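Thanks for making the time, everyone. I would like to walk you through one model this morning, so please have the structure open while I talk.

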Amino acid sequence: MAVIETLGLRGTVVLVESPCAWALLRLLQSFDIRVIELPLDETGSLDPARLDNLLRDNDIGLAVLPSLLNPVQGSMRPPGNSEAVAQALNRHQVWVLENDSHAGLQFAYEQIPLRHWVDPQRLVIIGAFDKSLGPEAPYGYLLCKTLEVRWQQYFWLRAFELPPIRQRAIARLCSSGRLDRQLMALRETLARRMQSMTRQLDEQTGGTLRYQVPEGGCGVWAESVHPVDMRQVFDRLLAQRIVITPGELFSLQNRYGQHLWISYAIDWSQDPAARLGALGEALAQARLP
């Protein structure tokens, strides 16, 4: 919200990569922003030529892109693709909001983030600690190198909203290496759960879903192999108190009607195999002619 207000983006046009977190899409909508979605391919890449055309044909005020990991698809943007995307954004002098909130959740950590290639005078980085430390640390951060007056005013106004004692605690957590150790342990746990979840998906759903093995994040982005009535699938599961996230939530342009997102950051004492078996049955029963 701070970036939108500071850049005066109400009622303008913002570009996002798709699939996109539903909370971000709803936030942009609340500011009367027209959202342009640029879809990822199965490798986690954006099409630089298509991006260039969108930037040329639309007055885009901001591009909101993750630093590396798309948290919905669970894919990492290849380094060469990040460079090509940044070159297009720099060429059209578009402000970039790099979302670094999920950067610590990729399983292969030695990668170069998007900001390495973006013009630093048109770059804002946003991140948060709740993904790595949990809901007891609901704190975020915003970084910006530009010395424009509007950004100076923003930082001066917000500098003291977080009590100093909390700021010092977070600083000690980062400087002591404890945050890095916490992230390493979290990544290892998520990677194990991802492997278990994908194995059980294959066993319990009978090949009714296709997916790319996640490279990070907390869930599997899957698509039905056959056309199905996905609303019927969700209604059947809901009747059994099983909630699966519909893919259509991650787009404003009626994409992903045959997709769903399955979290593996769950309570594993609740027998996920049985729930995935119920998903497989619901998909089979909802198959369209």
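Predicted model: local features only at pLDDT ≥ 70, side-chain atom pairs only at ≥ 80, totals over all residues.

H8 covers residues 178-204 and H10 covers residues 272-285, and the two pack with their axes 9 Å apart at an angle of about 45°. The pair is therefore described as oblique. If you look at where they touch, H8 contributes Met197, Gln200, Leu201 and Gln204, while H10 contributes Pro272, Ala273, Leu276, Gly277 and Gly280. Sorted by class, the residues of that contact come out as five nonpolar and four polar, with no charged residue among them.

Helix H3, residues 48-57, and helix H4, residues 79-91, have axes that come within 9 Å and cross at roughly 15°. Because the angle is under 35 degrees, H3 counts as roughly parallel to H4. The crossing of H3 and H4 is right-handed. On the H3 side, the residues in contact are Pro48, Leu51, Asp52 and Leu55, and these meet Asn81, Ala84, Val85, Ala88, Leu89 and Arg91 of H4. By class, this contact has seven nonpolar residues, one polar and two charged.

Next comes the sheet. In what order do its six strands run? The order is S2-S1-S3-S6-S7-S8, in an open sheet with mixed pairing. Strand S2, at 34-39, and strand S8, at 140-144, stand at the edges with a single partner strand each, so one side of each has no neighbour in the sheet. On average, and ignoring direction, neighbouring strands are turned by 20° against each other. Within this sheet, strand S6, residues 95-99, pairs in the parallel sense with strand S7, residues 123-128, over four bridges, and Val96 is found opposite Leu123 in S7.

Finally, let me step back to the domains. The domain assignment divides the protein into domain 1, spanning 1-176, and domain 2, spanning 190-286. Their C-alpha centres lie 27 Å apart, and the contact between them takes 25 residues from domain 1 and 19 residues from domain 2.

That is where I will stop, and I am happy to take questions.

Technical notes: Residues numbered from 1 in each chain as written. Heavy atoms only, no water. Axes fitted to C-alpha atoms, helices over the stretch in contact; angles between N-to-C directions. Parallel < 35°, antiparallel > 145°, perpendicular 65-115°, else oblique. Left-handed = near helix turned anticlockwise from the far one by under 90°. Contact = heavy atoms within 4.5 Å. Nonpolar A, V, L, I, M, F, W, Y, C, P; charged D, E, K, R; others polar. Pairing = 2+ DSSP bridges. Domains from an automatic or database assignment.
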